[in-house]
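Please look over the sequence and the model, then read the notes below.

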Amino acid sequence: MVAISMTCSFPALTSIKLPRVNRYNRRGMAFASANKDTATLGVNVTQGLGNLPKVVLTSSNGSEAELYLYGGCVTSWKVGSKDLLFVRPDAVFNGQKPISGGIPHCFPQFGPGPMQQHGFARNSDWSIVDSENVDGSPVITLELKDTPYSRAMWDYSFQALYKITLEKNSLSTELKITNTDKKPFSFTTALHTYFSASVSGASVRGLKGCKTLNKDPDPKNPIEGKEERDVVTYPGFVDCVYLGAANELYLDNGLGDIISIKNTNWADAVLWNPHLTMEACYKDFVCVENAQIGNVDLEPDNSWVATQQLSVG
């Protein structure tokens, strides 16, 4: 049985299978490479920073997104000439450290715990398994499966499918986790989304009434509370979990954009800004993260699915 579940799916469409070649690097991590010609309109696999494989999605309306197979990480989402996501200037593209920015995965652990911070999905190589173009909107599906590297930290067999759809004014993702093991497992997860912002003018609506776990000043002993504000701002260091968050939040990025953050089956939300602990760039971004803070208990052959849709007017 799945402890927390919601059925979410995209329309059934003809897809184009992409060739892929897998090998293992010295850490036993699956490294995926894909042909540069995907034969799918609006989907181009190319070489990114650090010679890492990068996928560029381009819609018929001119919007664009970029994602790296390393970490399955979306690093750019442009509507017009404006990039609505943020990658930190200290981000490293070496295939060793997680990419700091964009939309990193936290799986199978959110935050600190028995394994490394935020789990292993953000510093594992994902594979391309499908691509398609639906009425001018490119769609790509990435896959992550267990490897000796992941099993050294979390000894379970699993499949993660991550479908990314780029439309004129929106970027949508669907994350599906399937237990392919013979025994049940539990996990927590999040999409650690970095948005370009002017931190002094940024704010989030839709969180009033949520139970909060404020990790400032002591992340190991969060302070429980209740959000009473209609508009939540980032006045200094912010690291706060919002339990039972609404399925749509609104981010005013302080740069003239209102971004709708819709979701299904992401139970919680997290706001984060490092303030002076990251003095070089904290003024230029805020994080609004869809998260599943409580354990998802997944029986063999069962799946958990969650979607996120970012859209701008």
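**Strand pairing in an open sheet**

In this predicted model, strand β20 (residues 248-252) is joined to strand β21 (residues 258-264) by 5 bridges, and the two run antiparallel. Both strands belong to an open sheet of 9 strands. The points below cover the sheet as a whole, then the pairs around β21 and β24.

The sheet

- The strand order is β9-β10-β11-β12-β24-β21-β20-β15-β18, with antiparallel pairing.
- The edges are held by β9 (127-134) and β18 (231-233); each has a single partner strand, so one side of each has no neighbour in the sheet.
- From one strand to the next, the twist averages 20 degrees.
- Strands of a sheet pair through backbone hydrogen bonds, in either a parallel or an antiparallel sense.

Pairs made by β21

- Where β20 meets β21, Tyr250 stands opposite Ser260.
- With β24, strand β21 pairs over 6 bridges, again in the antiparallel sense.
- Ile261 has Leu310 of β24 as its bridge partner.

Strand β24

- Strand β24 spans residues 303-312, and in the sheet order it lies between β12 and β21.
- Its pairing with strand β12 (residues 170-179) is antiparallel and runs over 9 bridges.
- Thr178 stands opposite Ser303 in β24.
- Of the 10 residues of β24, 7 are buried, so the strand is largely enclosed by the rest of the structure; buried here means under 20% relative accessible area.

Methods: Residues numbered from 1 in each chain as written. Predicted model: local features only at pLDDT ≥ 70, side-chain atom pairs only at ≥ 80, totals over all residues. Heavy atoms only, no water. Pairing = 2+ DSSP bridges. Helix = DSSP H or I, 4+ residues; strand = E, 2+ residues; numbered from the N terminus. Axes fitted to C-alpha atoms, helices over the stretch in contact; angles between N-to-C directions. Buried < 20%, exposed > 50% of the residue type's maximum accessible area, 1.4 Å probe, protein only.
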